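Keep the sequence and the 3D view open as you read.

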Amino acid sequence: MNFNEFKHSPFEIKISFHKVLETLEDIAASNIDYRSNYAKALIEKTSEISNIRNGFENMDQINENETLIQHLLADLFPTALTHNEIKAVTIPFLNITFNYTERFKKILADAGSEFDISIRDFDKDQFYVMNCCLILNAHYNQKFDFSKPLYYDIPDSEGITRHYRILYNADFLEIIPTEKSVTITQKDIEILIDNFENVELWKEKFPPQSWLLKGFGIVVLYDATTENAISNLKTGLNKLNDEETKPNIDNFSKIFQSIFRISNIKIGFTSLLGKEIIPNERRINSFILGNRSEIMCKTILPVSIYDTLINQQKKVEISNVERLKQNIEYQSFANHLLEQNIHSCILAPVVKENKLFGILEIVTSKKNELNSLNSNRLDIIMPFIADTIDRYNASVLNKIEAIIQKEYTKIHSSVYWKFQDNVLNYIISSDHKSDYEFSDIVFKDVYPLYGQIDIKESSGTRNYAVQHDIQNQLNDLINIISLLHQKSNLKILEQRKFELESYLKELQTNLKADTEQQINRYVETEIHPILQNAINSATGNSENIQEYFEKIDDTTGTYYNERKKFDATLTTINKKLSVVLDDKQKEAQAIFPHYFERFNTDGVEHNMYIGNSIAPQSNFSLTYLYNMRLWQLQVLAEMEREHYALKDSLPYPLEVTSLILVFSSPITIRFRMDEKRFDVDGSYNARYEVVKKRIDKAMEKGTQKRITEQGKITIVYSHADEEKEYKKYIEYLQFQKILEPTTEFLEVEDLQGVSGLKAIRVKVKLN
């Protein structure tokens, strides 16, 4: 091999030991006899070989003088360290190495005769520029830190790739310009450092073989397998944050093989939802799940392993699965592992800030290969894995949230899990087409609870406020127009006054649906221009006109004082009652998760649905339904009390009435994609919605009296057992001094399509 056959280099290479000989000459001239004699003997042996000093140009010459070169370099390659150090003579960046230490020789021998050592990710252009940088540093006194970390990737005897960091010692090298070299100016240097990728520019300034590289370098390797594997792991983990990219499991396995130095390692991951359900995305295989899609943790994991992994959040090492099988507690789990040819494994919980994301599974097909000793190697990498999964989960949750907001609008927390599952199935499916159809969100066999507190006479009070505002505005306008008429005596003003008085008379007689709009339009188009003209022409009464315009609401362009009081009253009542209901809801959700929605109109309505399909992990029973019914009755009583305490401070002392609808048959609810809300499903279940929409206006049978009364709660029901149930709740709350002792039993007048309803009415103890 001729050292200069590689033309893609700025160097002409001569491997020379002249600097070593210069050192030996200094030793030979010293007074230390044994060192001096040794140096003189070496110098004498080399005197016969001129190339030792002048430089060898091919490997054959090096091989012919191998023993002599070893003796020359004995101080640099001490025999005592030859089995420890990984060292050789080299030319930096070139695949020229010789005079290996014994450890280096063994590493190359284990790699096999077919292995060709080369620097990782290092192409010929990088090689050229790096060599040019050597010239700049050595000859032009620059201090460029130009070299990225360089590695050799060398397989060991087990086939596991080891990663060795390369360190160069260039103390014995000289860089000398030749006749072909080009003088470099400071301006050239400034241009070069901004053009690392422009190889042709570097070749222009440093033509091929225009500089002499004389001497030799020393390469020292250190085993950076673990550090490098961790770095590669970080890179691979970052790719996991891209939901569209399926991770390369083989690459991950090789990384863990390097970390543990075991050739047949495989890895898996089991994600957790809470502590109980294990769903599998199948982005990475799960050895715990096997071919299942999900399973309860306690079903698959033995009690002690569950406690260690899930509760204590500590690693579990199984060095011998066959031995584990002998214990009856672990037999099923051990068989599950052996069916997958797993004979030793480490199960490590992935935890960040006490939040458990899942279980990392490291498995091998040989017993005792994985154990409590080498499991400690995980400690350094688990934080990276936890950070990655945390970021990935956050990314997925953000995507889920975005899709839920787009497809479903805001969803109550009790049923959010169902929407998450639906969207997660979409995200991990391979079918990401624009016409993908999301599965129906359906909850079967749930029990409905409906209640409302209605603001009594709200429509009439609103009409009164509207009427009062318009009357005040018309009266002020009539006065202003009268004053303007007195000053100008214009007949048109007399006509406008007549028209305003006509509107006022009509308003006092009857407020029609379009009366407000007609008057507002008339005032805006016919009266306001007159007032503006009066101000501009300074005909008088400008103060009265200015006062009038100051009373005009900026938003509506009309008098709005009474309506503002009414709106404030309505808002205050709704807000106060909603706060009571929402606060109590938090307590109720803690008892048993259930769907809840609240509507604020002229009062506060709420729907609730409770059942096993909404909270499948919570073991629903009818006891929770009965508890919710009692809770609902008590909360409505508290809302009545809250309103009573608030009423006297309101601009309008509006009263409220309360109502509960009892429906004992379980129903099915379905999320309506077109309306972005839940609704009852099926014709039989629709009866509940019909009743709910009509009962608030229902009358007592044979009378013209509403079934609802202020200060009282009306409970509408159909069956005798419902009456019996609610009588017990009422008696209990009467005992608690929440309800008054008198209870009324009513029959409800038949509604359209609904008959046979009954009601209980009970007064709330307000003091």
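Lys352 has a relative accessibility of 26%, so it counts as partly exposed (buried is under 20% relative accessible area, exposed is over 50%, and partly exposed is in between, with a 1.4 Å probe and protein chains only). Asp387 is also partly exposed, with a relative accessible area of 30%. Lys352 forms a salt bridge with Asp387, and their closest N and O atoms are 3.2 Å apart (a salt bridge is a side-chain nitrogen of Lys or Arg within 4 Å of a carboxyl oxygen of Asp or Glu). Because Lys352 sits in strand β13 (residues 344–352) and Asp387 in helix α16 (residues 382–407), the pair ties together parts that are 35 residues apart in sequence. Helices (H or I, at least four residues) and strands (E, at least two) are DSSP runs, numbered from the N terminus.

A word on the source: this is a predicted model, in which local features need pLDDT of at least 70 and side-chain atom pairs count only at pLDDT 80 or more, while totals for chains, interfaces and linings use all residues. Residues are numbered from 1 along each chain as its sequence is written, and side-chain values use heavy atoms, with hydrogens and water left out.

## Other salt bridges

How many salt bridges does the structure hold? There are 36 salt bridges. One of them joins Arg761 to Glu700, with the closest N and O atoms 3.1 Å apart. Arg761 lies in strand β23 (residues 758–764) and Glu700 in the loop between α24 (683–694) and β21 (712–717), so this pair ties together parts that are 61 residues apart in sequence. Arg761 is buried at 1% relative accessibility, and Glu700 is buried at 11%. Both belong to a network of salt bridges that links Glu700, Lys705, Glu709, Lys712, Glu744 and Arg761.

Asp156 and Arg162 form another salt bridge, with 3.8 Å between the closest N and O atoms. Both residues are buried. Side chains of opposite charge can pair when their charged atoms come close.

## The buried side of α8

Helix α8 spans residues 186–193, and Asp188, Ile189 and Leu192 are buried in it. These residues cover an arc of only 100 degrees around the axis, which puts them on the same side of α8 (the arc is that of the directions from the helix axis to the C-beta atoms). An α-helix has 3.6 residues a turn, so residues three or four places apart point the same way. The cover over the buried residues of α8 includes α7 (124–139) and α9 (199–205), where contact means heavy atoms within 4.5 Å.

## Cysteines and Asn422

A disulfide is a pair of cysteine sulfur atoms within 2.5 Å, and by this rule the count is zero. Cys132 is buried at 0% relative accessibility, and Cys345 is buried at 1%.

Asn422 lies in helix α17 (residues 416–428). Asn422 counts as buried, at 5% relative accessibility. Asn422 and Ile400 are 22 residues apart in sequence, and their C-alpha atoms are 9.2 Å apart in space.
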